[in-house]
Amino acid sequence: MNTGFDDIPFFDEEPAPRKPAIGKSDGKVDMDAARPVDAPGTMGIAARAIAARDQARAPDYLSGLNPEQREAVETLDGPVLVLAGAGTGKTRVLTTRIAHVLATNRAFPSQILAVTFTNKAAREMKERIGVLVGGAVEGMPWLGTFHSIGVKLLRRHAELVGLSSDFTILDTDDVVRLIKQIIQAEGLDDKRWPAKQFAAMIDGWKNKGLDPSQIPEGDARAFANGRGRELYAAYQNRLKSLNACDFGDLLLHPIRMFRANPDVLRDYHQRFRYILVDEYQDTNTAQYMWLRLLAQRPSSKNAEGKTVNGTVNICCVGDDDQSIYGWRGAEVDNILRFEKDFPGAKVIKLERNYRSTEHILGAAGHLIAHNEGRLGKTLFTDRVDPNDEKVVVHAAWDSEEEARAVGEEIEQLQRNQHLLNDMAILVRASFQMREFEDRFVTLGINYRVIGGPRFYERLEIRDAMAYFRVVCQAADDLAFERIVNTPKRGLGDTTIRNLHDYARARNIPMLQAASDIVLTDELKPKARKSLLDVVADFSRWQDMLDNTPHTELAEKILDESGYTAMWQNDKSAEAPGRLDNLKELIRSMESFESLRGFLEHVSLVMDVEQNENMDAISIMTLHSAKGLEFETVFLPGWEEGLFPHQRALDESGRAGLEEERRLAYVGITRAKRRCHLWFVSNRRIHGLWQSTLPSRFLDELPPAHVEVAEAESSYGGYGRGGGYGQSRFDKQEPFQNNYSTPGWKRAQANKTDATRENWGSRSGHAVERIGYGESGPRGKTIDGQLVAKSTASEPSKFAVGDRVFHIKFGNGNVSAVEGNKLTIDFDRAGQKRVLDGFVERA
DNA sequence: CCTGGAGCAGTTTTT
DNA sequence: CTGCTCCAGG
């Protein structure tokens, strides 16, 4: 896999322009003229005949594409924007397009630049191209994230921006610590001017592509009594002297480098014959500038003296309706402006959806139509089934009941042989997850939380990595400072400050300073001895770097430094888990060639794959759900203030509301067959109960595709809080909601009664009702069929009295076993019921 | 150097 | 009501 520094020769030979073996050579598609792109499903007869003819002749990889997809694949010349709605085969287009370029010998694999946002997307794309073109994908060094490609460029040309090619990449944590140092060094109060906040500001500036000299005066004034600009500059200087980059620099340095070195840029212009960009709606200004530099070539005269289009064959794929990252710098405007930016651009809309039912598409489409400033797409599907369930809106009293009712629906689906793997709960904010987790633990429903704290962000992993970093890169002061006294070696603040000053005064790395200072009398004997040991350790490990297998060395480092022992001696509940993580870390190094290669990988790839083996429902935020799909999707928490989130409204007004609406759109369009929306009347926010109003987005759904769930058995019903029906917001909306469906009317009529009933039935909640059967059928597809398929049928491998460990609750003793559900007396957390899958033998 | 309690904030997330 | 950070006191 990743071997660290890349060793791909800069230029390989140019491919001789050969006539493609199959297909057309001019890249023009005959059907273009015949079919207006904005009329879905309508195609002239002649065009259909041509399509059919081409289909018959087309190479394998093109078969099965619909006409729009095919056009997007075959329009290879000039700028192309593919507006790919949710579930319209976006990735397929992207990968097939690359396969097509390769199969027709238009470019070598190394001449294609394909950019994604996440490592996951890059990985998937690589896999899928591999399926189409086999090993050729291995020759695509320029397929990756913006950042990983940025690193590759920088390693080559580091000296052009004043770095050396072995620069280190700092993550957010390092950055914050560094900024804190700077703030303190400037004599500022780091309480009043938090490093975190300033790090966020710098991040924002870098997203916009701004140097310290370019930031707006207002921004510069906003921090540290007007010293923002100065601090930003100081930070950049510090990075340079550390030979380090933050994530933003991975984009900005290449931009600077290209601007200052037109000859280098020209080389890359020659190299990249085709540029492809995934999720274009998520690009920020810096990424846009980066792409522009690479894509926009100087216009030139051709043989006949005509001016030739100066733009490379760039293809951007995205969906303005799924732009949900404005808050971290993404500019929807980039995609909205595409045709202006790239004159003569071809815009192809993919609107044929292969994922969802007509009701789901209808609901999502009607909702998103409330946004202004869209490029405008309407998803449709051919596969219409009268048995398809409408989108269902449920009301619950409070979040506890919401979780309980969702739990019952899940069990009902399970009894009808649906897999948990096909279901997901998508929440707006992660605090919503907890209630579901609690409920699922009680019910014995396996679940998996997607997102959350990531492996490489864990304390122990970062510590271990810091050791490795110092061994590989003795000048990595941030890493050195992190672990110089971890485990505790009696090297306190005073010693560290001493060391720090010594190093700064002589302008040498701290490790170097340490090995010098121990020869002097500057430190107390105790500290001196400790530091001497540390220096000796590192020098020994550095010597072993080139002649010891890296996993072995890594283990040695952790053992000899006393780091492993530190956790072994730790009695806290999380210590065993941390040791496991360290083992996992070593294991994951095996697939790399060297410690260095591993570090490079980890600095860019912060995620680690989840265990997909067990059948479990996924719980995640709407943001992390983008790009995924599930048979059944539950969307809880559709209440004003939570969704749309109050802060989005307060901070970004109309734009914020529209982004929230896009988030709702993303949520609904994750569902293939069933989509259930929930709102509650009471939610506990920051510890206190507040009554809430249903989300305005519910009012924006089309009645024809939506049904309101019947009040559910003993505790269902509609809370007070009221106006569920008429749109109370956006009064000037072009849409008139008229809810005339029976279910909706009933809901309206029931509102007051249900409220009263609910108040009355509160006491019933004290008794937890775990069981099947009684709850009436909801929706159309799930009725009857009370097949007893207990989730708790497997005998547990644990027995009463076993000593077990739980990642969250720590150690405890099993006091009861019931199927796969255990009752455990935890040493610290008290008695809990837990699924046996979540514990292991202590 | 360690730890407990006060104090405070509290969407969304990738690289 | 949490969970985290930071400071002060042992």
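Where does Thr88 lie? Thr88 is found in the loop between β1 and α3; helices (H or I, at least four residues) and strands (E, at least two) are DSSP runs, numbered from the N terminus. This is a predicted model, in which local features need pLDDT of at least 70, side-chain atom pairs count only at pLDDT 80 or more, and totals for chains, interfaces and linings use all residues. Residues are numbered from 1 along each chain as its sequence is written, chains are lettered from A and ligands numbered from 1 in the order in which they are written, and side-chain values use heavy atoms, with hydrogens and water left out.

**Chain A overall**

Chain A has 30 helices and 23 strands. Of its 842 residues, 55% count as buried (under 20% relative accessible area; exposed is over 50%, partly exposed in between; 1.4 Å probe, protein chains only). Among contacts (heavy atoms within 4.5 Å) between residues at least 6 apart in sequence, 75% join residues at least 24 apart.

Gly87 sits in the loop between β1 (80–84) and α3 (90–103). A polar atom of the Thr88 side chain lies 2.6 Å from the backbone oxygen of Gly85. Leaving out residues up to four places away in sequence, Thr88 touches Gln69, Leu350, Glu351, Arg352, Asn353, Tyr354 and Leu379. On the same terms, Gly87 touches Arg352, Asn353, Tyr354 and Arg355.

**Glu279**

Glu279 belongs to the loop between β6 (274–277) and α12 (285–295). Its side chain makes a polar contact with the side chain of Gln281, at 2.7 Å (a pair of N or O atoms within 3.5 Å; within protein, one must be able to donate a hydrogen and the other to accept it, and residues adjacent in sequence count only if both atoms are side-chain atoms). Beyond four places in sequence, Glu279 touches Lys90, Phe117, Val317, Gly318 and Lys626.

| Residue | Relative accessibility | Class |
|---|---|---|
| Gly87 | 18% | buried |
| Thr88 | 1% | buried |
| Glu279 | 17% | buried |

**DNA strand C**

Which residues are around DNA strand C? They are Lys180, Lys191, Arg434, His686 and Gly687, each with a heavy atom within 4 Å of the strand.
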